[in-house]
Amino acid sequence: LEDIGKGIPLEPSKITVEQHFLGWLKSRKLSVATGTWKKYDSHIRNHIIPYFGWRQVRSLTKEDVTDFYLYLRDLNWPPAPYTISLPYSDQVSERHT
């Protein structure tokens, strides 16, 4: 995150899920309503980052994303239809780890 804070772009293959979503949050703070941003912040910090924030985005597989959705469903979250998109989703591998 230090490099992101300095404005130094990270090599996409090294960006973690946490780095991506914290950067995304920062980019949205002034473009959405305060309540909306707080909801995004809460979802990201309470669900996405604890689950796989340490993982490099490019290492995620479709199975990882499916497992995450199942984890959320077990928590009965979200209560309404909700879409979560991950960066590079068109490049998520079919491999199973």
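Reader: Where does α3 bend, and by how much?
Author: α3 bends at I44, by about 35 degrees. That bend is the angle between axes fitted to the seven residues ending there and the seven starting there. Helices here are DSSP runs (H or I, at least four residues), numbered from the N terminus.

Reader: Is this experimental or predicted, and how are residues numbered?
Author: This is a predicted model, where local features need pLDDT of at least 70 and side-chain atom pairs count only at pLDDT 80 or more, while totals for chains, interfaces and linings use all residues. Residues are numbered from 1 along each chain as its sequence is written, and side-chain values use heavy atoms, with hydrogens and water left out.

Reader: Ok, back to α3. How many residues, and what does it reach end to end?
Author: α3 covers residues 34–52, which is 19 residues, and reaches 26 Å from its first C-alpha to its last. That is close to the 27 Å expected at 1.5 Å a residue; the expected span is 1.5 Å times one less than the number of residues.

Reader: Which of its residues are buried?
Author: W37, D41, H43, I44, H47, I48, I49 and F52. Buried means under 20% relative accessible area, exposed is over 50%, and partly exposed is in between (1.4 Å probe, protein chains only).

Reader: And what covers them?
Author: The cover includes α2 (17–28) and α4 (62–74).

Reader: What about the largest nonpolar core, which residues have the most contacts in it?
Author: V17, F21, L25, I44, I48, F52 and F68 have the most contacts inside that core, which has 15 residues. α2, α3 and α4 each supply at least two of its residues, and the largest share, 5 residues, comes from α3. A nonpolar core here is a set of buried Ala, Val, Leu, Ile, Met, Phe, Trp, Tyr and Cys residues joined through side-chain atoms within 4.5 Å.

Reader: Switching to charges: how many salt bridges are there?
Author: A search of the whole structure turns up 2, counting a side-chain nitrogen of Lys or Arg within 4 Å of a carboxyl oxygen of Asp or Glu. In one, D41 meets R45 at 2.5 Å, N to O. Both lie in α3, 4 residues apart, about one turn of the helix.

Reader: Is D41 buried or exposed?
Author: D41 is buried, at 16% relative accessible area, whereas R45 is partly exposed at 44%.

Reader: What does R55 pair with?
Author: R55 forms a salt bridge with D64, with the closest N and O atoms 2.8 Å apart. R55 is buried at 15%, and D64 is buried at 10%.

Reader: New topic, G53. Where is it?
Author: G53 sits in the loop between α3 and α4, and G53 is buried, with a relative accessible area of 1%.

Reader: What does G53 touch?
Author: Leaving aside neighbours within four places in sequence, G53 is in contact with T16, V17, E18 and I48. Contact means heavy atoms within 4.5 Å.

Reader: Last one: how many aromatic pairs?
Author: The count comes to 6. Rings of Phe, Tyr and Trp (its six-membered ring) pair if their centres lie within 6.5 Å; planes under 30 degrees apart are stacked, over 60 edge-to-face, and the rest tilted. Y51 and F52 have ring centres 5.1 Å apart and planes at 75 degrees, so that pair is edge-to-face.

Reader: Which cluster includes Y51?
Author: Ring pairs link Y51, F52, F68 and Y71 into a cluster.
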